[in-house]
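Good morning, and thank you for coming.

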Amino acid sequence: MKRFVDIVGSALLLLLLLPLIAVIASLVRLRLGSPSIFRQTRPGKNARPFQLLKFRTMTDARRADGTLLPDSERLTEFGRFLRSTSLDELPELWNVLKGDMSLVGPRPLLMEYLPLYSNEQARRHEVRPGLTGWAQVNGRNALSWEEKFAYDVWYVDNQSLWLDMKILAMTITKVITRTGISADGEATMPAFTGTRQLP
């Protein structure tokens, strides 16, 4: 049933939002350059890699030695607007339609985080990653990594169609109020470096 909802929901949203997606793609190309779509390998269900699609929100500005500038310096006002409204996430609807992702589930993070998870935290990969999730509606980037992962695992253990509908409804409120967009003092979130183990 969940996959059926994902297919129908993502297909309908892609059709309804196609004009908006086209406009955003044009604006991203104009303001940030080509390509409009940012692609990055992320771990999906059972940690299988897939290509995540998002609208670009940062420039490719680099230092003299060729290395990229920090995110905070490459993230433009236009990029911040796309992130705060979650408009940068719209291309992920194609990932949902393809089956890489679900409408609801733990957010897909970076491949390099995989060896850093505890056994419990790694359980977040027992389900498809989501466009939105329980952690997103309970704090988003204002949460610590440990809090996020705890919410993710709670979702894995308690997922249901009713819970998914609740999360989708809560997501609309979060997007409208633009809460939890970034961690204190960060453009988004600091990198995850592993959970400190108690002695």
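Which residues form one aromatic cluster? They are Tyr-113, Tyr-117, Trp-145, Phe-149 and Phe-192. Before going further, a word on the basis: this is a predicted model, in which local features need pLDDT of at least 70 and side-chain atom pairs count only at pLDDT 80 or more, while totals for chains, interfaces and linings use all residues. Residues are numbered from 1 along each chain as its sequence is written, and side-chain values use heavy atoms, with hydrogens and water left out.

Let me begin with the rings. A pair of aromatic rings is described by the distance of the centres and the angle of the planes. Rings of Phe, Tyr and Trp (its six-membered ring) pair if their centres lie within 6.5 Å; planes under 30 degrees apart are stacked, over 60 edge-to-face, and the rest tilted. Eight aromatic pairs are found in a search of the whole structure. In one of them, Tyr-113 and Trp-145 have ring centres 5.6 Å apart and planes at 75°, so the pair is edge-to-face. Tyr-113 belongs to the loop between β3 and β4 (130-132) and Trp-145 to helix α6 (residues 145-158), so this pair ties together parts 32 residues apart in sequence. Helices (H or I, at least four residues) and strands (E, at least two) are DSSP runs, numbered from the N terminus.

Trp-145 also pairs with Phe-149: the centres are 5.7 Å apart and the planes at 25°, so these rings are stacked. The two are four residues apart in helix α6, about one helical turn. Buried means under 20% relative accessible area, exposed over 50%, and partly exposed in between (1.4 Å probe, protein chains only). Tyr-113 is buried at 7%, Trp-145 at 10% and Phe-149 at 1%.

Lys-148 lies over the face of Trp-145, 4.8 Å from the ring centre. For such a charge, NZ of Lys or CZ of Arg must be within 6 Å of the ring centre and within 35 degrees of the ring normal. The charged end of Arg-31 likewise sits over the ring of Phe-78, at 4.9 Å from its centre.

Finally, the nonpolar core, a set of buried Ala, Val, Leu, Ile, Met, Phe, Trp, Tyr and Cys residues joined through side-chain atoms within 4.5 Å. The largest has 22 residues, of which Ile-24, Val-28, Leu-90 and Ile-167 touch the most other members. α1 gives the most to this core, five residues. Apart from it lies another core, of eight residues, including Trp-145 and Phe-149.
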